[in-house]
Amino acid sequence: MATAIPSALSAATAPPRVAGAPAQPFGELAPCPHPFRHPLRALGWLIAVGAGLASLVWLLSLLAAIPLVSFLALGYMLEGEGRVVRSGRLRDGVPLLGGLPRLGAVVFGTWFWVLVVRFVTSVAADAALVAPGSASAARWAVARTLVALVVGVHVALAWRAGGSRASFFRPLRNVRAARAQWRAGTLWSGAADGLAAVIGAIRPLHLLRLGVGGFAGALAWLLLPTLAFSALRDTQHPGAVLVTLAGGVALAVVLAWVPLLQATYAAEGRLRAFTEVARVRELHRRAPVVLLVALAVLYGLSLPLFLLKVIAAPRDAVLLLTPLFIVTIYPARLLVGWATAFARRRPRRRWLVVRFGAGAALVAALGLYLFLLFFTPAIGALGRRVLLDHHALLLPTPF
């Protein structure tokens, strides 16, 4: 990957360079220029931020649609939530915002050319099926190999040229740039430095660890109450009714705690944070109204996602549905992170009457949520398994 990638932000986001100053780190967003002194640069900054957010939704959707890799998407969202908890600012909830347009261009350009290879491969397979051993089938087989080779070299050179959208559609310029760098002796060393800088900024292993830990910690709390809540099969059996009611009560308590436990884990990176219930209860005492609003938004926005499971979506449609999970869950997670930070900064508990009122409202909201959740297996294609998904807290994926 090119040395241009670590420092190649949009021109609108790059501040004036000072001679001898170090390059801006990959992913760091430059401050917004003054809108009255530099209106065009401010407009470019806004466009770059919009492109970064659009790229973020697309990239997270792509990651979440792939089994196991979806833990990276969860880890990224937890990383953003943890930053908000530590700083108390919502604007810190999108890591690597400055580099997201470039990452999105790399993924989109690569994906486009992979589609070209897949198309030629499909045509070659059809030719071999219709007329096996014919000259036409042989030519398509050769074309498949040549296209795969040429596209592979072109994509590699586009990455080396910085991964901009233009680089994926201007192969001759990429070849000339690579030839000049080869002659200067910087082709391989520059690529290694650029790749190391990008990986160091993204920290994929950290995001994966964060996602797996956040998933495991939340599931440990949710599993038993959810299984008990889904135990009812026949209303003629009083034991099953009692188990379901007990599971509902336990699940309501867990749903009030787990988002804050997960936010604390995201901020501190300690799995032990999932056991610190006393801290979470104290947060509810210090900011009951703010936490009530945050939890109501989190679970309220997650309810419509269960409607997407009325039918079992084919694998090809997963990538079309996943963005709805990202744009719904991610902002709600950031709001929970901000509410957690707000509660942590409060020096004293709120008045008892305020805490009682907010607690009663939270119980009512969670009761309504569980009441609606109870009927989702009746309309979902996956049956009772849908109760275990808990999109607001676990993986942001429709499968």
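Which helix holds both phenylalanine 108 and tryptophan 111, and how many residues apart are they? Both sit in helix α4, three residues apart, or about one turn of the helix. The close-ups below come from a predicted model.

Close-up A. Helix α4 covers residues 100–130 and carries tryptophan 111. The ring centres of phenylalanine 108 and tryptophan 111 are 6.0 Å apart with planes at 45 degrees, so this pair goes down as tilted. Phenylalanine 108 is partly exposed, at 36% relative accessible area. Tryptophan 111 is partly exposed too, with a value of 41%.

Close-up B. Residues need over 30% relative accessible area to join a patch; phenylalanine 108 has 36% and tryptophan 111 has 41%.

**Close-up C. An aromatic pair between helices α3 and α8.** Searching the whole structure turns up 15 aromatic pairs. One of them is phenylalanine 71 with phenylalanine 215, an edge-to-face pair with 5.3 Å centre to centre and 85 degrees between the planes. This pair ties together distant parts of the chain: phenylalanine 71 belongs to helix α3 and phenylalanine 215 to helix α8 (residues 204–229), 144 residues apart. Phenylalanine 71 counts as buried because its relative accessible area is 15%, and the cut-off for buried is under 20%.

**Close-up D. A cluster of phenylalanines.** Here the view moves to Phe229, Phe371, Phe374 and Phe375, which form one aromatic cluster.

**Close-up E. Leucine 68, a positive phi in a loop.** Leucine 68 isn't a glycine, yet its phi is positive, at about 70 degrees. Look for leucine 68 in the loop between α2 (39–64) and α3 (70–87). Is leucine 68 buried or exposed? With 66% relative accessibility, leucine 68 counts as exposed, since the cut-off for that label is over 50%.

**Close-up F. Histidine 390, a positive phi in a buried spot.** Histidine 390 is another residue other than glycine with a positive phi, in this case near 45 degrees. Histidine 390 sits in the segment after α14 (376–379). Its relative accessible area is 3%, so histidine 390 is buried, whereas leucine 68 is exposed.

Key
Residues numbered from 1 in each chain as written. Predicted model: local features only at pLDDT ≥ 70, side-chain atom pairs only at ≥ 80, totals over all residues. Heavy atoms only, no water. Helix = DSSP H or I, 4+ residues; strand = E, 2+ residues; numbered from the N terminus. Buried < 20%, exposed > 50% of the residue type's maximum accessible area, 1.4 Å probe, protein only. Phe/Tyr/Trp six-rings, centres within 6.5 Å; stacked < 30°, edge-to-face > 60°.
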